[in-house]
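Hi,

Here is the structure I promised to pass on. Have a look at it first, then read my notes below.

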Amino acid sequence: MLNIQGLHKKYQGKRVLDSVSFSIESGEIVGLIGMSGSGKSTLARCITGLDKADQGKLQWNGGLLSDKAVRRKSHQDIQMVFQDPRNSLNPSWTVKRSLMESLIRFHPSLSAKAYEAQLESLLKAVGLDIDYLHRYPHELSTGQCQRVCLARALAPEPKLLVLDECLSALDVSIQAQMLELLKELHRVRNMSYLFISHDIAVVASLCQRVLVIERGVIVEEADVHKLIHDPQHPYTRSLLADTPVFPEFMETAASHTAGGNALEDKMAEGYERRPVYEYQN
Ligand SMILES: Nc1ncnc2c1ncn2[C@@H]1O[C@H](COP(=O)(O)OP(=O)(O)OP(=O)(O)O)[C@@H](O)[C@H]1O
């Protein structure tokens, strides 16, 4: 579905992405982990068209994203959810207006009744009551704002969600609820996710395959269980070693495959985790 070959990106002469290649298949959940400044958001922006790659072949459903028609279609098919939900919403717009803006853009010719039904179904999908339609962002918690951002991203009925640190601004119990919601949406809608995070434990709980990025280079790509139990690259090992939840998580990752949710339980209990990384440049 998404295929990227040899993507390069520099900012002011500084290499930020170096020959990045990977693909995401339909319905797949792929994690992207790396320390701060490793190029994760830049990669997300190149995929969604918010930024332009200097070099490389980016394909969406077999078409080149440099082609205008393919890029236009990808604007509907590929949606992004950002780290800071409050700043992602227009503070002077109600939830209804934020969602309608996306609905009208991607489904321009629905009847008023159909729009109402869409609004209701979007809110239901993210676990919000219909009354929230008339609220402004300042009348919502950060977690509720992120649910609205997710609902807005779902409005075009995307095939791929790029989730860029979308849980990082939320406290651990809300993170656990959002993780459940993302799993449920994936089950129901079978979308693909590119789930970007510095938090390897959260990535391991959600993703099937993981890409590890170090200073713009994908240094490892593996099935999540292989990555946890048999990391090949020293950088991956250092990320794992920096995750104090990990010794216990080795068991919960296995139970997750069998339908367990021990990590989420721990997170819901307010299990304290140290930051996985320190800023490096
Ligand atoms: N618009 C820009 N102009 C110049 N440099 C940029 C720009 N955007 C990002 N960079 C630089 O590119 C590098 C990668 O940034 P990026 O935001 O992609 O990293 P990241 O892995 O997402 O980090 P974080 O986890 O902190 O969000 C950093 O050194 C950053 O300073």
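**Around the ligand**

The shell around the ligand divides into 2 nonpolar, 9 polar and 1 charged residues (Ala, Val, Leu, Ile, Met, Phe, Trp, Tyr, Cys and Pro count as nonpolar, Asp, Glu, Lys and Arg as charged, and the others, Gly among them, as polar). Before you go on: this is a predicted model, where local features need pLDDT of at least 70, side-chain atom pairs count only at pLDDT 80 or more, and totals for chains, interfaces and linings use all residues. Residues are numbered from 1 along each chain as its sequence is written.

Among the residues surrounding the ligand are Tyr11, Gln12, Lys40 and His198; being near means that a C-beta atom, placed from the backbone, lies within 6 Å. Helix α1 (residues 40-48) gives the largest share of that shell, 3 residues. Helices (H or I, at least four residues) and strands (E, at least two) are DSSP runs, numbered from the N terminus.

**The sheet**

There's an open sheet of 4 strands, ordered β2-β1-β4-β5, with antiparallel pairing. Its edge strands, β2 (14-24) and β5 (63-64), each pair on one side only. Strands pair if DSSP finds at least two bridges between them; β1 (residues 2-11) and β4 (residues 55-60) have 5. Look for Ile4, which stands opposite Leu58 in β4.

**A helix to check**

Just after α5, Gly127 has a positive phi of about 75°.

Cheers
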